[in-house]
Every structure is written in structure tokens, then in C-alpha cells.
Amino acid sequence: MPDRETVLAALDAVLDPRTGQGLVAAGLIQGLVVADDRAGFALEVAASDAALYAPVRDAAEAALKALPGMARVAVVLTAETLKVSAPRRASLSPQAVDQGRPKAPVATARPAHVRRVLAVASGKGGVGKSTVAVNLAAAFAARGLSVGVLDADVYGPSIPTMLGVSGAPDYIDNQITPHVAHGLKTMSVGLLTRATDAMIWRGPMASQALTQMLTQTRWGTEDAPLDILVVDLPPGTGDVQLTLVQKTPLDGAVIVSTPQEVALADARRAHTLFQKVQTPTLGLIENMTGPVFGRGGAEAEAGRLDIPYLGDLPLDAALREGGDAGVPVVVSDPDGDIAARFAEFAEALAKKLDL
Ligand SMILES: Nc1ncnc2c1ncn2[C@@H]1O[C@H](COP(=O)(O)OP(=O)(O)OP(=O)(O)O)[C@@H](O)[C@H]1O
Ligand SMILES: [Mg+2]
């Protein structure tokens with residue numbers, strides 16, 4: 001079995017494109033777990049570097065898999081969104097600066113012909129928020145609901161890839177016609193700009209784009225309203241996120257976290273953010289549960305925060321492959337175990353949202 005030293009040496013042989021140092025020397029490896037034939041860690045980078053580091057994550061994963069006796073490797077790329085908050089401060093609205101106070105009555109535009117708006121959020125990047133958003137949306141659709149998915153993740157819009165849509169949507173009479181994939185209507189900030197750009201948006205810019213996508217997309221019609229719009233928010237709990245949740249009429253939020261203590265601290269901050277804007281946190285989902293990252297942390301945390309715990313999702317290659325292929329697992333394997341879990345989450349949430 002490879003030991004910790006061997007694993008660290010293998011990781012240090014992979015170079016950090018920013019500093020030219022090995023990944024260990026560059027201080028990018030967080031939360032390394034080496035247990036028997038398994039290893040896992042998080043590669044923590046600035047949000048603006050997420051795209052740059054995706055190949056590094058793959059290289060690190062390959063380097064560990066190549067070690068004799070290594071059976072399972074999990075590398076998670078997490079984006080530290082707070083590190084890039086400095087340049088945004090100058091343009092903050094007064095409400096956004098005064099984070100301690102309850103929400104000031106900010107004008108929020110409800111999208112027309114949309115019955116419920118549900119946010120999927122996470123305290124930090126890379127925990128599986130978008131994966132949960134698309135699969136949850138598919139699970140709502142499987143219940144017979146009409147469903148939309150709005151990708152508001154200005155840092156790394158990934159919903160187009162996960163649902164397999166591309167190209168600018170039609171824009172007629174001041175209205176955006178959403179793409180439809182797997183029966184889900186979808187619109188993404190990534191379709192408004194080049195999808196591969198890892199962008200840094202200012203709060204007001206991001207919220208303007210979001211408001212536009214919310215209110216100018218033809219999600220439903222008077223005769224056929226959309227039952228639920230699932231919004232994939234940018235990860236983190238900084239100024240951009242605060243501005244977005246202040247400006248968006250949300251009926252509830254779901255928070256996704258991995259089981260580790262560091263991730264849970266971020267989940268806690270996400271819950272606090274929603275409390276500030278009087279949006280109920282309808283559930284916490286633990287993602288990537290299993291032998292590498294552990295299990296149960298999120299359930300305990302939900303108990304402490306007094307929010308509903310919806311359940312866990314295993315670390316499962318099918319979830320990642322489904323995302324890469326543009327077909328959510330709930331769609332490709334509707335009778336499988338993962339789909340069953342999402343069906344449970346959707347059932348619990350539909351009940352809370354009165355759908
Ligand atoms: N349960 C899981 N098992 C295996 N892989 C997973 C699981 N959940 C998510 N992934 C993979 O982990 C990566 C990150 O997931 P995802 O993009 O959904 O996270 P995110 O929180 O939306 O990240 P970002 O902050 O970049 O938006 C993706 O490659 C995804 O396919
Ligand atoms: Mg995402």
C-alpha cells in the first residue's frame with residue numbers, strides 16, 4: 001500500500017502552473033487523506049484560476065492512480081472565492097457592505113409565470129452544487145413538474161456542459177427563448193459570454209445579468225406556467241452572492257456540502273447568508289460521501305443549525321461522467337440508486353414548496 005510520503009512525493013512531481021513549484025511545495029494540497037489503497041484531497045485555487053487548474057487536477061489524479069497498490073483516488077478542485085473579493089469592494093452597494101443588518105427591502109423582480117424559485121448554493125466551490133442542481137431538476141421533472149434550470153454561477157457556468165446545450169439562445173421581442181434539454185428549460189450566464197471564461201464579476205454586474213436571465217427568459221406562459229426554477233448560484237458567501245440573493249425572489253435554498261469539517265464551516269456561512277435575506281434553507285445535502293471523505297458531517301451540522309437534512313450522495317464516477325457527457329444520471333439511469341436518492345430529495349422539497 002502506498003504510504004503518505006509516497007503520495008506526497010508523487011503529488012510534488014506535478015507542477016503548479018502559477019509558481020512552477022510542485023503542488024505540495026506550492027501549498028495547494030488541502031485535507032490529504034491516505035488510507036490503505038485510497039487517497040483523496042482538495043486542490044484549493046482562486047476562483048479565477050478554476051479553468052487553469054482543471055488539467056492539473058486530472059494530472060494529480062493520474063499520478064496517484066499510477067502508484068502501485070492505489071485503488072481509488074478522489075481529487076476535488078475547490079475554488080476559494082473569497083480571495084478575489086478585494087477588487088469588488090469599490091463598487092458595492094451600501095446594502096451589500098452592511099452585511100450585519102437584515103435585508104433592506106430591495107426591489108426584486110419575480111419572473112413571470114414561474115411558481116417557485118429554488119436556489120442551490122454552497123459555501124465553497126467544487127462540492128457538487130451544479131451536479132445536484134441538474135439532477136434535482138431532472139428529479140422534479142420526473143415527478144411531472146415543469147422545470148427550469150438557471151445557471152447563475154458567474155465564476156464557472158457549467159450547466160450548459162452538464163445539460164449538453166450550447167450556442168446563444170434566441171432573443172426575440174426582448175425575450176430569451178430558453179434551450180430545452182432532457183425536458184428542462186435552461187439558461188446560463190455562460191451562454192451570454194464565452195462559456196470557458198473563468199470570469200470575475202462584480203456584484204452589481206452579476207446581479208444585473210441574473211435579473212435579466214430571470215425576468216426576460218420565457219420560462220413559462222400564462223397557460224403553462226413553470227412549476228419550479230432551480231437556480232445554480234455561484235459558490236461562496238461573499239459580496240457577489242449576497243447581492244444576488246438580495247435581488248432574487250427565492251422561495252427556498254438547498255445547500256450542498258462535502259462531509260469534511262472545513263466544507264461544513266462554509267455551509268454554515270451559506271445558511272447565515274440566506275438567513276440575512278429571510279430565505280428558508282429547505283435542506284442540506286451531503287455530497288461525495290464515502291470512504292475517502294467520510295460521512296455524516298453534514299447531517300450533524302444540519303442538526304446543529306436546525307435545518308432539514310435531505311440525505312447524502314456517494315462519491316460515484318457515474319455522477320461525474322454524466323456531468324461531462326451532458327446527461328444527468330437521473331436521466332440516463334432513472335431506476336438506479338442515485339436517481340432514487342434525488343427522487344427522495346425532490347419529494348421532500350416539493351412538499352416544503354407546496355408543489
Ligand atoms: N458525488 C459525486 N461523485 C463523483 N463526482 C462528483 C460528485 N459530485 C460532483 N462530482 C464531480 O465533481 C466536480 C465538481 O462538481 P460540480 O461542478 O457539480 O461542483 P460545483 O460545486 O458546482 O463546482 P463549482 O464551484 O466549480 O461550480 C465535477 O467534475 C463533478 O462531476
Ligand atoms: Mg458549479
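This is a predicted model: local features need pLDDT of at least 70, side-chain atom pairs count only at pLDDT 80 or more; totals for chains, interfaces and linings use all residues.
Helix H8, which spans residues 239–247, packs against helix H9, which spans residues 261–276, at an angle of about 40°, and the two axes lie 10 Å apart. Because angles under 35 degrees would count as roughly parallel and those from 65 to 115 as roughly perpendicular, H8 and H9 are oblique to each other. Their crossing is right-handed. On the H8 side the contact is formed by Gln241, Leu242 and Val245, and on the H9 side by Leu273, Phe274 and Lys276. By residue class, the contact of H8 with H9 comprises four nonpolar residues, one polar residue and one charged residue.

Ligand 1 is surrounded by 17 residues, of which Ser130, Thr131, Asn287, Pro314 and Asp316 are the closest. For aspartate 316, a polar backbone atom lies 2.9 Å from a nitrogen atom of ligand 1.

Arginine 57 is located in helix H2, which covers residues 50–65. Its side chain makes a polar contact with the side chain of aspartate 58, at 3.2 Å. When residues up to four places away in sequence are left aside, arginine 57 touches Leu43, Val75, Leu77 and Arg320. The C-alpha atom of arginine 57 is also 9.5 Å from that of valine 14, although the two residues are 43 residues apart along the chain.

Conventions
Residues are numbered from 1 along each chain as its sequence is written. Chains are lettered from A and ligands numbered from 1 in the order in which they are written. Side-chain values use heavy atoms; hydrogens and water are left out. Axes are lines fitted to C-alpha atoms, for helices over the stretch in contact, and angles run from 0 to 180 degrees between N-to-C directions. Helices (H or I, at least four residues) and strands (E, at least two) are DSSP runs, numbered from the N terminus. Angles under 35 degrees count as roughly parallel, over 145 as roughly antiparallel, 65 to 115 as roughly perpendicular and the rest as oblique. A crossing is left-handed if the near helix is turned anticlockwise from the far one by less than a right angle, and right-handed if clockwise. Contact means heavy atoms within 4.5 Å. Ala, Val, Leu, Ile, Met, Phe, Trp, Tyr, Cys and Pro count as nonpolar, Asp, Glu, Lys and Arg as charged, and the others, Gly among them, as polar. A residue is near a molecule or strand if one of its heavy atoms lies within 4 Å of it. A polar contact is a pair of N or O atoms within 3.5 Å; within protein, one must be able to donate a hydrogen and the other to accept it, and residues adjacent in sequence count only if both atoms are side-chain atoms.
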